[in-house]
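Dear colleague,

I am handing over the structure below, and I would be glad if you could read the notes that follow with it open beside you.

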Amino acid sequence: MTRECAVLLPGVCAALADPRQPGLDDTCLEKLLDWFRSLTWFDPTVELLQDNPCLTELITSVLALPDPSPGILSFTLQLAGILASSESRFQHLQQEKLLGRLFGQEGPRGGAAWEDASVRSAWVKGVHSMVHHQPALHFLCSTGGMDVIFALQEDPSLFVASAASQLLVHMLTFSLESETSKALSAKDSDWPACAQMIVKHIEESLQSSSASHIEQSLKLLSSLFGSSFGNCYAAWTEVLWLNIAKQIESFLLEGTVQAQPVLANLLLNVARSPVFCGTEGSFWALVTSALEHLTPVQAGPLAVGLLKLCKCPQDVRIQALTVLLQPMDCILRAASQPLEYAGLLDESVSDPVTVESLLSSKTSCAGLLCQTLAHLEKLLSLKHFRVDLPCVSLLRSLMTILQFCNGFLSPASPLGSTISRNLIDCFRVQKSALDVLAALSEKKDCDTLIGSLFDVLLAYLHSPNTSPTVLKKTFQATSKWLVHLQELSCSNSQWQQTEKILEDVFLVLQKRLCSPCWEVRDSSLEFLTAMVKCLRDQKEFRQCLLSSEVLRLTENLLEDPESYVRASAVTAVGHLAFITCFAPESPVTGNQWNKENTVAKLQEILSTDSEGFPRRAVISIFTTWLREGCTGQLEDTEQFVSRVIQTVEHDLDWEVRLGGLELVEVFCSQTICKLSQCPYAPVSSAVTSSTPQNELLQVFCGAKLFGFLFRSLCDCDKPVGQRACDVLIGLRGHFYPMSTLENPQEIEDSPAGRGIAWLQRTLRQGSLAQNFPTDGGDGVDFQDPESMMLALGAIDLLELHDELNKSSDHVEESPQSLLQDILASVGTIEDNEVDCY
């Protein structure tokens with residue numbers, strides 16, 4: 001603690017304990033507690049209490065109040081717990097007879113204040129902070145604290161109940177830390193006293209007739225096995241599991257407990273423990289039983305969790321996958337009578353009638369399918385998946401779901417008709433199915449269905465009933481499958497099929513680009529951009545694109561009334577330019593698509609568009625062009641970059657200015673690579689007039705980079721200043737070896753040196769960019785190579801970097817400022833405004 005804080009603290013403690021003072025803001029009290037947590041974390045000694053007796057006086061004063069406010073009592077409980085977190089301070093507070101009056105039987109837990117949930121929550125938090133040494137555990141066990149915590153597990157406040165459960169997990173785990181010697185031969189009688197009380201409570205609760213007792217104990221066990229206890233205390237984990245396994249099994253088989261989802265979560269957390277790595281034993285039999293007896297909705301999260309485990313036995317893994325595929329199998333079988341195709345599964349894990357009844361119900365059908373589809377999408381995203389998915393049947397099932405949803409399929413079976421009625425226009429299911437469909441595009445064995453798949457996708461793209469959000473998902477799935485189709489046609493020469501699909505896609509895209517709904521126009525442009533990024537090198541794609549109306553329609557959307565659409569149009573035009581302007585043999589598509597016109601249009605948007613989104617899109621596209629080397633020879637690029645940064649320098653949108661700095665960074669990197677023999681080697685000397693170095697400085701000064709970079713250092717938006725500083729430090733690293741920076745005192749006598757010294761002072765003051773001279777004022781010429789070489793070597797850019805990276809509230813949120821604010825808010829300090837952070 002600093003001396004300034006130690007001087008302020010007694011006044012703060014006195015103000016907090018004064019019942020006449022208005023209650024302090026909760027945020028101030030929380031920040032005060034955070035400060036004490038940091039103080040006690042780094043210093044476990046008793047000196048904090050001895051040097052600051054006002055802390056114990058505060059606790060004593062609050063305890064002496066006849067009716068303390070819940071806010072100050074809660075603060076005191078948490079503060080005492082934090083202070084008692086080290087054994088030496090705990091003993092000090094015990095000697096003062098304070099802890100018993102806070103956390104013992106004579107404390108608030110027996111009074112009227114206990115009715116307030118914030119007081120009960122603070123009591124639990126205080127105990128949690130305190131229990132980091134054995135004396136604290138013994139204190140709680142001997143003062144009836146354990147019974148209080150057990151009761152708080154079922155507190156009407158969910159926050160209190162959750163905190164009590166977390167506290168018990170912490171206490172059980174902590175009580176075993178000192179018993180590692182017994183771990184190898186762990187048995188019931190070896191549990192430490194505190195752990196024994198918790199375990200006994202769990203076992204008794206599981207055997208009670210109270211549903212809430214059972215549910216709370218199952219939640220506690222789930223948290224326990226999911227914590228470090230389950231991973232670090234294998235022997236104890238096994239002992240505890242053996243004691244409760246029969247009871248858990250009876251809950252599953254009888255199905256009388258309402259907490260079935262908690263049971264599934266418990267089994268999954270136990271499965272993650274190293275104890276059950278082997279494939280033998282009763283545990284995995286119990287998991288199998290759970291997959292059979294839980295409902296499909298309850299078993300789904302357990303199944304997907306098991307499939308992610310590396311150590312899960314293969315037979316359990318197959319069963320878990322079967323659980324997830326059952327609804328998809330049911331859809332496929334319900335689509336036609338008699339069965340036209342084989343289903344996904346040879347046999348079911350649980351009774352298929354259960355799944356059928358859920359899908360037949362309007363209330364449960366969409367929920368079950370959305371959950372199943374979400375799980376399947378997760379599995380498809382896994383790089384290493386240890387069970388083969390029946391991808392062809394799964395794809396067929398997804399197509400069936402999508403056809404049910406838009407009414408394009410009339411199933412013959414009664415079950416299929418019911419499911420179809422339940423799913424018609426169900427946006428949730430449509431979006432989930434399209435997500436899985438997109439993920440399946442990565443699989444290589446779905447080629448036989450690709451024609452039928454595009455029929456379904458194109459039906460969605462054409463249909464006026466497709467909602468904008470579903471259409472966006474359809475576009476995303478279509479772009480992924482088009483990439484797969486292109487790979488397929490390259491390998492087996494199915495050019496005609498590919499060409500026909502592409503023609504159909506561009507026809508529907510033309511229609512959607514003219515939609516009256518701006519979200520549809522926006523999604524259409526995003527889809528076009530995605531296609532161009534992936535397929536621009538494919539001849540069939542380019543031919544279909546150029547023979548369509550898409551180019552003209554896209555260009556028209558640069559003037560769309562909606563700024564989001566204009567931004568997407570800019571991005572699309574920017575990527576289309578790789579085909580129309582920058583390709584080695586660009587096809588002639590009209591004067592409007594030549595390079596000069598395209599650049600001019602985008603530059604006009606950058607300088608005149610009233611909204612930030614299109615301008616951001618333009619600077620992003622210009623940077624992409626520069627990275628791809630599309631801006632011509634070095635002289636052309638220099639002029640291009642110079643024009644762009646002179647435009648963005650005055651832009652009111654900080655993200656546009658930041659984009660300008662990214663453009664400059666790419667330009668600098670590319671120019672250094674072109675003009676230096678080895679782009680990664682430092683130059684031999686800072687004062688050597690080597691040709692590449694002079695040429696580099698001439699190019700950078702000619703493009704007016706330095707004025708933009710130095711002015712950006714003082715930008716009112718910090719990310720802009722930080723990026724500019726990074727770029728300048730990178731440039732200095734190229735022009736100056738580590739040991740050859742200029743000495744500011746030695747250069748200040750020259751005219752250029754005086755200007756550089758002024759610049760250094762101005763940067764330190766953090767003046768806004770508007771205060772900078774533009775035409776060499778104060779002797780700084782940002783276009784003079786020699787001056788800029790001196791500036792890079794003399795200005796302390798690392799110091800500026802540190803300043804820019806400091807949090808803007810590093811002073812205002814200091815502990816000293818916090819204490820001053822508290823005193824100011826209660827009127828103890830005059831002429832000191834409170835910081836409202």
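Two rings of Phe, Tyr or Trp are taken as a pair if their centres lie within 6.5 Å, with the six-membered ring standing for Trp. Please keep in mind that this is a predicted model.

By that rule there are 15 aromatic pairs in the structure. One of them joins F283 and W284, whose ring centres are 5.0 Å apart and whose planes meet at 65 degrees, so the pair counts as edge-to-face, planes over 60 degrees apart being given that name. Both F283 and W284 are buried, and together with F225 and W241 they form one aromatic cluster.

Because F667 belongs to helix α35 (residues 654–675) and F700 to helix α36 (residues 691–702), the pair ties together parts that are 33 residues apart in sequence. F667 is buried, its relative accessible area being 1%, and F700 is likewise buried, with a value of 0%.

Turning to charge and rings, R536 lies over the face of F578, at a distance of 4.1 Å from the ring centre.

As for the cysteines, the structure holds 0 disulfides. C312 counts as buried at 5% relative accessibility, and C714 is also buried, with a relative accessible area of 5%.

Methods:
Residues numbered from 1 in each chain as written. Predicted model: local features only at pLDDT ≥ 70, side-chain atom pairs only at ≥ 80, totals over all residues. Heavy atoms only, no water. Phe/Tyr/Trp six-rings, centres within 6.5 Å; stacked < 30°, edge-to-face > 60°. Buried < 20%, exposed > 50% of the residue type's maximum accessible area, 1.4 Å probe, protein only. Helix = DSSP H or I, 4+ residues; strand = E, 2+ residues; numbered from the N terminus. Lys NZ or Arg CZ within 6 Å of the ring centre and 35° of its normal. Disulfide = S-S within 2.5 Å.
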